[in-house]
Every structure is written in structure tokens, then in C-alpha cells.
Amino acid sequence: MMDTLLERVVPADFSSVGALRNATDAFLQEPAEDQFRATLLLVVSELCANAVEALSDSSAKFTLRVHDTPESFAVEVCDAGPGFASALTKPGASGSDPRGRGLQIVRSLVDELHVRRRRGLTTVRCVIRKH
């Protein structure tokens, strides 16, 4: 199987989150185990919802990319929001703050999580290995 890519640039509106979740579900080319599918779709939902909240302007846009390789899925969400507090991006982030729980959930579900802030853009990249 060759690597495939789903890429969508959408308005920063919560209705986009459901649409991207559905597009990702349709993108899964091979039958996926229910738990794996649920994990991937939850990661997409959480990261896209974070982008919408960060942008807080429905005229702004963000990008979702889902890479399907023989070994893994990689999910990337890129937006021009303010980024995350550095404490939230590290393993063991505090659960006492109501903000950042989505990122904690994502971290617990994925094999890799990277947050990069460059040139005014925040990119969150997660890798979920196919077991």
C-alpha cells in the first residue's frame, strides 16, 4: 500500500470538526479495528476542536492532514492561533487546569505527540502506530 494523504483547509467553526471527523472516517481505506478507528477519530476531533477554540474567529482557517502509511497514521493540525502554554505540551501536564485536557487525552492515546510553533503557526502532529 502506498502512503495516502487526506488534507482539508476549513473555517474555524465547530461544524468543521464534525465534517473533518466524517472525512477522516471515510478516508480509512482498509477495515480498521473499532477501537483503532475510535481512537483516530477522537484524536482528530480533539485537535480540530483545539484549533477552533484557539482561533475564535470563524473567518480564520486551519488545516487538517491525515497521513496513512503502512506502519501508522499521522494526524497534523495547523493553525495561526496563539499556541499552547509550554506546560501543556509536556508529558505529565497538570490536570488541575480545565484548559489543555484535550491535549492530555490525545497524548494518552497516541504513540508520539509533537507541538511546534514556527512563523506564527502552531502544528500539532500525532502518530498512531498500526498494531
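User: Which residue in β3 stands opposite arginine 65?

Analyst: This is a predicted model. In it, glutamate 76 of β3 is the residue opposite arginine 65. The two strands concerned, β2 and β3, pair in the antiparallel sense over six bridges. They form a hairpin, with three residues between them.

User: Which network of salt bridges includes Arg65 and Glu76?

Analyst: Side chains of opposite charge can pair when their charged atoms come close. Here Arg65 and Glu76 belong to a network of salt bridges that also takes in Glu7 and Arg125.

User: How many salt bridges does a search of the whole structure find?

Analyst: The search finds seven. One of them joins aspartate 68 to lysine 130, with 2.6 Å between the closest N and O atoms. Aspartate 68 is in strand β2 (residues 61-68) and lysine 130 is in the segment after β5 (121-129), so this pair links distant parts of the chain, 62 residues apart.

User: What stands opposite aspartate 68 on the strand side?

Analyst: Threonine 4 stands opposite aspartate 68 in β2. As for the strands, β1 and β2 run antiparallel and are joined by eight bridges.

User: Which residues form salt bridges with arginine 129?

Analyst: Aspartate 111 is one partner, with the closest N and O atoms 3.6 Å apart. Arginine 129 is in strand β5, while aspartate 111 is in the loop between α3 (101-109) and β4 (112-118), 18 residues away. Glutamate 112 is another partner, at 3.1 Å between the closest N and O atoms. Because arginine 129 lies in β5 and glutamate 112 in β4, this pair ties together parts that are 17 residues apart in sequence.

User: How accessible are arginine 129, aspartate 111 and glutamate 112?

Analyst: Arginine 129 is partly exposed, with a relative accessible area of 37%. Aspartate 111 also counts as partly exposed, at 33%. Glutamate 112 is partly exposed too, at 28%.

User: How many disulfides does the structure hold?

Analyst: A disulfide is a covalent bond between the sulfur atoms of two cysteines. This structure holds zero disulfides.

User: Which residues have the most contacts inside the largest nonpolar core?

Analyst: In soluble globular proteins, nonpolar side chains tend to be buried together. The largest nonpolar core here has 30 residues, and those with the most contacts inside it are Val43, Leu47, Cys48, Phe62, Leu64 and Cys126.

User: Which elements give two or more residues to this core?

Analyst: The helices among them are α1 (14-27), α2 (34-55) and α3. The strands are β1 (4-11), β2, β3 (72-79) and β5. The largest share, 10 residues, comes from α2.

User: What does leucine 47 touch, not counting residues up to four places away in sequence?

Analyst: Leucine 47 touches Val75, Val77, Leu103, Val106, Val124 and Cys126.

Technical notes. Residues are numbered from 1 along each chain as its sequence is written. This is a predicted model: local features need pLDDT of at least 70, side-chain atom pairs count only at pLDDT 80 or more; totals for chains, interfaces and linings use all residues. Side-chain values use heavy atoms; hydrogens and water are left out. A salt bridge is a side-chain nitrogen of Lys or Arg within 4 Å of a carboxyl oxygen of Asp or Glu. Helices (H or I, at least four residues) and strands (E, at least two) are DSSP runs, numbered from the N terminus. Buried means under 20% relative accessible area, exposed over 50%, partly exposed in between (1.4 Å probe, protein chains only). A disulfide is a pair of cysteine sulfur atoms within 2.5 Å. A nonpolar core is a set of buried Ala, Val, Leu, Ile, Met, Phe, Trp, Tyr and Cys residues joined through side-chain atoms within 4.5 Å. Contact means heavy atoms within 4.5 Å. Two strands pair if DSSP finds at least two bridges between them.
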